[in-house]
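Okay, thanks everyone for coming.

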Amino acid sequence: MQTDARDIAAIESLLAFWSDAGVDACYEDAPVDRTIVVTPALKAVTRATASVMPVVDMGDATADARRLAAGADTMEALAAAVADFKGCELVGMGARGCVFGRGDPKAPVLIIGEAPGAEEDAAGEPFVGRAGKLLDRMLAAAGLTDQVFITNTVFWRPPGNRTPTPQEQAVCAPFVGRAFALIRPRAVLLLGAAAAKSVLKTDEGILRMRGQWREWRLAEGDVSAPVIATLHPAFLLRQPQAKREAWADMLALADRLARDSG
Ligand code: URA
């Protein structure tokens, strides 16, 4: 079959349009609205159409995640459990693999970001791109290098670097909670609105929430720690004038650690 040069130009132009819009991966022949929450009433219909459009059952997936997370007694085992987990819809949406965490699993500070981006997906480690380099510089300036373990609310890159949905975050939450329980950090730093909303279970805006100390207490077990939310380093790259607030939050974290150990 011969393709007309005008068709090729039209296809290239359409692909460029989607690429500019942030759509850089194609994993279905037809669009699927994955922001729709599947209610119990819809489950029967969804199951009937599953051969056409496979859908992860959120309840089963979350129960699976809880079971796997609870069975992990070390951070290594937890990383392996996450890598084997197929219950998050982000698996199979174009991510190359799972991005679990980096840093010291016995660190006094747990940092939770939003989701891996393209560079993190390629490297298999969180915060290795431009935002990560800024984060590393801030941690170094605050004397916190080597005192952190860094992970995200979800472990697979969302297509086009979109924000993970609350459903995707909820399915991954048992693993994030287990990391918290295994590390038992003295403080937690949440980067950006998506991480703050997911961990603190709130709809408050990040500009209101940032810089305030709250408590993160797990429903099961005796695990709690002070937590502070701050602006995401990717936001700081776009809005450098906001660095002042993020720096104040980083210093508040360093100060609290120094006070608590002194
Ligand atoms: N942004 C995040 O929230 N997490 C990463 O790992 C990288 C960029």
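So, to start: is the crossing of α3 and α7 left-handed or right-handed? It's right-handed. Keep in mind that this is a predicted model. The two helices here are α3, residues 58-70, and α7, residues 166-183, and their axes come within 8 Å of each other. The crossing angle is roughly 10 degrees. With the parallel class covering angles under 35 degrees, that makes α3 roughly parallel to α7.

Now a second pair. Helix α6 runs over residues 130-141 and helix α11 over residues 243-261, with axes that come within 10 Å and cross at roughly 50 degrees. That angle makes α6 oblique to α11. As for the hand, the α6 and α11 crossing is right-handed.

Okay, on to the ligand. Which residues sit around it? We've got Gly113, Glu114, Ala115 and Pro116, then Glu120, Pro126 and Phe127, and finally Asn152 and His232.

Glutamate 114 has a polar backbone atom 2.8 Å from an oxygen of the ligand. Phenylalanine 127 also brings in its backbone, with an N or O atom 3.0 Å from a ligand oxygen. Then there's a side chain: asparagine 152 puts an N or O atom 2.8 Å from a nitrogen of the ligand. And how much of the ligand's accessible area does the protein cover? On its own the ligand has 240 Å², and the protein covers 91% of that.

That's my tour, happy to chat.

Notes:
Residues numbered from 1 in each chain as written. Predicted model: local features only at pLDDT ≥ 70, side-chain atom pairs only at ≥ 80, totals over all residues. Heavy atoms only, no water. Near = heavy atom within 4 Å. Polar contact = N/O pair within 3.5 Å; in protein donor to acceptor, adjacent residues only side chain to side chain. Areas by Shrake-Rupley, 256 points an atom, 1.4 Å probe, with all protein chains shown as cover. Axes fitted to C-alpha atoms, helices over the stretch in contact; angles between N-to-C directions. Helix = DSSP H or I, 4+ residues; strand = E, 2+ residues; numbered from the N terminus. Parallel < 35°, antiparallel > 145°, perpendicular 65-115°, else oblique. Left-handed = near helix turned anticlockwise from the far one by under 90°.
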